[in-house]
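Here are a few notes to read alongside the model. Have a look at it first, then go through the points below.

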Amino acid sequence: MGYLKTPHGVIETPCLVPVATQGTVKTLDSKEVEATKTQILISNTFHLHLRPGEKIIKSSGGLHKFMNWSKPIMTDSGGYQVFSFGFGQEFKMGKMLNREEQLSIKSGRQPKSLKITQDGVHFQSPFDGSKLFLGPKESIKIQEQLGADIIFNFDECPPPIADYEYTKKSLQKTHQWAKVCLKVKKTKQALYGIVQGGKFKDLRIESTKFMSALPFDGFGIGGELGFDKKAMFKMLNWVTEILPEAKPRHLLGNGHLDDLVKIFQSGADTVDCIIPTHYARCGTVFTSFGKLDIRKSAFAKDQKPLDKNCSCFVCQNYKRNYLSHLMRVHEITAMKLLTFHNLYFFNTFIEKIREGIKSGRY
């Protein structure tokens, strides 16, 4: 267990960082998010740059005041959108595959919808088709104006089906951009360097050593995480064995409930993850008895709380049959209540991990 000091408070680790892409956790206001025991949020640099724009947010007093959130905030660099709006969109894949793919993206290949250069990435806005450029200088400038406590260097998140040569050249760009980010940053915000390298052990180790040698305040572990859990934890161990122990490590975009204990045992301090919120909006509830699909007709007459062992206000005040009804008739309130419960459940689960670390159980 550890502590991260920020200008907006101290974070106890290990810790979940819920995703507030557009400056909000979908369906909840900031006070409700705080009531789920959430300590810190992560917002999306790329999307906030497009709408409403960093100038509007800065003129509102920065992201904290803009979204009425008094606790710490991270902003990503926009590097994930290089993948998600590029090869991710083209091949309809996430950064973690559930099987080995035969497809391979070779060195020199460009995504159809954007162009990656040595200086940065040329995007088309997904909203109005306008052209925009994002590189390391631009990313840092935007993040400085947004005003988050922790920011990340601009990187290329490589696709999981990239071959060795593609991944190596991608890594060279990420390393070059990392040095630029450090050079141009003018604020006292904590800047994390992102380790990449895909599924290739030598590239992961090369990236970890390169980033560790630079004066970053902490480190992100990003990119492709293998096609199974075994591969993911191997990769995590390659990286965390080398990263300096005195600096925090953040695992980007991963945090299935069943993996959290092992993720933190592998050396990550914080994780950001859409699972508790995204699953809630689809009707999936996490409980101490396993996952429930509350939309199923089996819950129509069930008058038990979601989880009798949970002390969140949803479990104290609402029954499964009511929540099932709301989901089945597509009421927004259902998404709000399930989102609150799932975040509270995840944060309580991690709270118990922290207690286990204190007592020596982990």
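**Notes on the packing**

1. Let's start with helix α8: its buried residues (buried is under 20% relative accessible area, 1.4 Å probe, protein chains only) pack against α6 (87-91), β6 (115-116), β7 (121-124), α7 (136-146), β10 (190-195) and α9 (201-212). Contact here is heavy atoms within 4.5 Å; helices (H or I, at least four residues) and strands (E, at least two) are DSSP runs, numbered from the N terminus.

2. A word on the basis: this is a predicted model, where local features need pLDDT of at least 70, side-chain atom pairs count only at pLDDT 80 or more, and totals for chains, interfaces and linings use all residues. Residues are numbered from 1 along each chain as its sequence is written, and side-chain values use heavy atoms, with hydrogens and water left out.

3. Back to α8 (residues 164-184): the buried set includes Y166, S170, W177 and C181. An α-helix has 3.6 residues a turn, so residues three or four places apart point the same way.

4. Which residues touch the most other members of the largest nonpolar core? They are V121, F123, L260, I263, I294, L306 and L338, out of 87 residues. Such a core is a set of buried Ala, Val, Leu, Ile, Met, Phe, Trp, Tyr and Cys residues joined through side-chain atoms within 4.5 Å. Helix α15 (residues 332-359) supplies the largest share of this core, ten residues.

5. Another core, of 13 residues, lies apart from the largest one, with L4, V17, I42 and I150 among them.

6. Finally, S43 sits in strand β4 (residues 41-43) and counts as buried because its relative accessibility is 2%.

Technical notes
Buried < 20%, exposed > 50% of the residue type's maximum accessible area, 1.4 Å probe, protein only.
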